[in-house]
Amino acid sequence: MDFDALFTESLDALKREGNYRIFAELERRAGAFPRAISHDAQAPDDVTVWCSNDYLGMGQHPTVIQAMVDTAHACGCGAGGTRNISGNTHQHAMLEAELADLHGKDSALLFTSGYVSNWAALSTLGSKLPDAVILSDEKNHASMIEGIRHSKADKVIWRHNDPEDLDRKLAALPVNATKIVAFESVYSMDGDICPMDEIVEVAERHGAMTYLDEVHAVGMYGARGGGISEERGLQDRITLIEGTLGKAFGVVGGYVTGSAALCDFIRSFASGFIFTTALPPACAAAACTSIRHLKESGAERARQKEQVRKLRARLDAQGIPHLPNDSHIIPVMIKDPVKCRQLADILMQDFGIYVQPINYPTVPKGTERLRFTPGPLHTDEDIEYLVQALATLWKRCALAHAVA
Ligand SMILES: *Cc1c(COP(=O)(O)O)cnc(C)c1O
C-alpha cells in the first residue's frame, strides 16, 4: 500500500485550491520586535512582522524575559510532571492567583494552551453536567467547537453576535436543561466585538451559564487588561472567562477563571488538565510578570490603539478596503485564495513585509484576507511603508477599490 500517495492526493487538492499552508520561517529578535530575521530563500533577511498575536510586544519585554531566565536558572526547565504528580509548582499557584484577580474571580486553572483550555473545559462541562445543552455562537473558534463536539452534549448554534436569535433558541429548550452559552468577546478574524451586555442579559433571563473566550482581549482591553468583560463591567455576571497567555501576554499557556467550585470541578474531571505535564515554571513566572505589568501599565494599550487608528486612516486615504470594527484587528479583504497568497508573497519578497494570507478553513471561502495587527512597536514609518507597498500592489493587481 502506497500511503504517501494517499497523503499527496489530499495535499494536491489543497494546493489546487490555493489553500495549502506555507509557514514563514522566522527568527525573532528580542529588542527588535516587530523586526525578525527570515530564513526563507526568496525573502529578504530582515522583515517586519505585521500579523503577530504578540499584540503588545510583551514577548520581548525585559522584565518578562528576566522572569523566565531567572526562574529557569533557579528551578530548571520543565515542571517534571503533571499538576497531580510532582509538577504543581509555586509559580503555577502564583500565576493562578494573578489570573483569578485579573478577572475578579475566586479561582483560575491553567492549561498548556488556550486551545486546550477551551477543549478541556467545554468537553468537561458538556459531558459531566446533567442534561447539558451548549449554545455556541456560529463563529466560535475551532478549540471551542472541538470541545463541544467531544463532550457529546446537545449543541445549538446561534447566529453570530445575535442576542435575539440566542433568546429564541434558549426559549425553545426544556426548562430543566443545563444551558451553557459559549461565545467570544473579540472575534479574531473579523475583529468584531460581541454585544456582551445583551448576551449576558438573555442568558440570565433563561438561567443559562455564560462561557466567554477573551483570548484576543486579555491584556488589551479594560483598565487592567482584564478584557472586554472588564471594560464593560460584566466580569461578575459571566460564569467562566477563558483566556490565553500566548497572545497579548507574550508567553504560552491557557486558562479558565470562575468560582472556586467551577474551577475545582474542571480540575477534578478534565482529562486535558489532568493527564499532561504542567507548563514549565519559567513560563508561568514570565506570564505572571507580564500580567502584572499590564495591570499597572496602560501605555502599551494606548500606543497600540494609536497605531491601529493611524493604519486604518492611511488605508482609507489610499482606498484600500478593510473591515470596519472596534478592535485592534485590521482585515484587508482579498476574497480570493490565490490572489491572497500572491499578494502576501510579493509583500514578503519585494518589501520585507510579513503578513500571513488567511484562507479557508480559517475563514469561509470567498472571504480570504490579509489580517494586520499593528502594535505599539510599529513606528509611523512602518505604517507608511506598509500602506505605500499595498497601494503599489493594489494598482498592479487591479483589485477593486473600496466604495465605502
Ligand atoms: C488562538 C485562540 C485560542 C487558542 O489559544 P492558544 O493559547 O493559542 O492555544 C482560543 N480561542 C481563540 C478565539 C483563539 O483565537
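Select K247 and the ligand. In this predicted model, a side-chain N or O atom of K247 sits 2.9 Å from an oxygen atom of the ligand. On its own the ligand has 380 Å² of accessible area, and the protein covers 84% of that.

Next, select D213. One of its polar side-chain atoms is 2.7 Å from a nitrogen atom of the ligand. Then pick G114.

Now show the whole shell. There are 13 residues around the ligand, and the nearest are G114, D213, H216, T244 and K247. Colour the shell by class. Eight of its residues are polar, three are charged and two are nonpolar. Which helix gives the most to this shell? Select residues 114–128: helix 5 leads, with three residues.

Helix 7 spans residues 163–171, and helix 8 spans residues 196–205. Their axes come within 9 Å and cross at roughly 10 degrees. Angles under 35 degrees count as roughly parallel, so helix 7 is roughly parallel to helix 8.

Show the side chains where these two helices meet. From helix 7, the contact takes in P163, L166, D167 and L170. From helix 8, E198, I199, V202, A203 and R205 take part. Colour this contact by class too. Six of the residues are nonpolar and three are charged, with no polar ones.

Definitions and conventions: Residues numbered from 1 in each chain as written. Predicted model: local features only at pLDDT ≥ 70, side-chain atom pairs only at ≥ 80, totals over all residues. Heavy atoms only, no water. Near = heavy atom within 4 Å. Polar contact = N/O pair within 3.5 Å; in protein donor to acceptor, adjacent residues only side chain to side chain. Areas by Shrake-Rupley, 256 points an atom, 1.4 Å probe, with all protein chains shown as cover. Helix = DSSP H or I, 4+ residues; strand = E, 2+ residues; numbered from the N terminus. Nonpolar A, V, L, I, M, F, W, Y, C, P; charged D, E, K, R; others polar. Axes fitted to C-alpha atoms, helices over the stretch in contact; angles between N-to-C directions. Parallel < 35°, antiparallel > 145°, perpendicular 65-115°, else oblique. Contact = heavy atoms within 4.5 Å.
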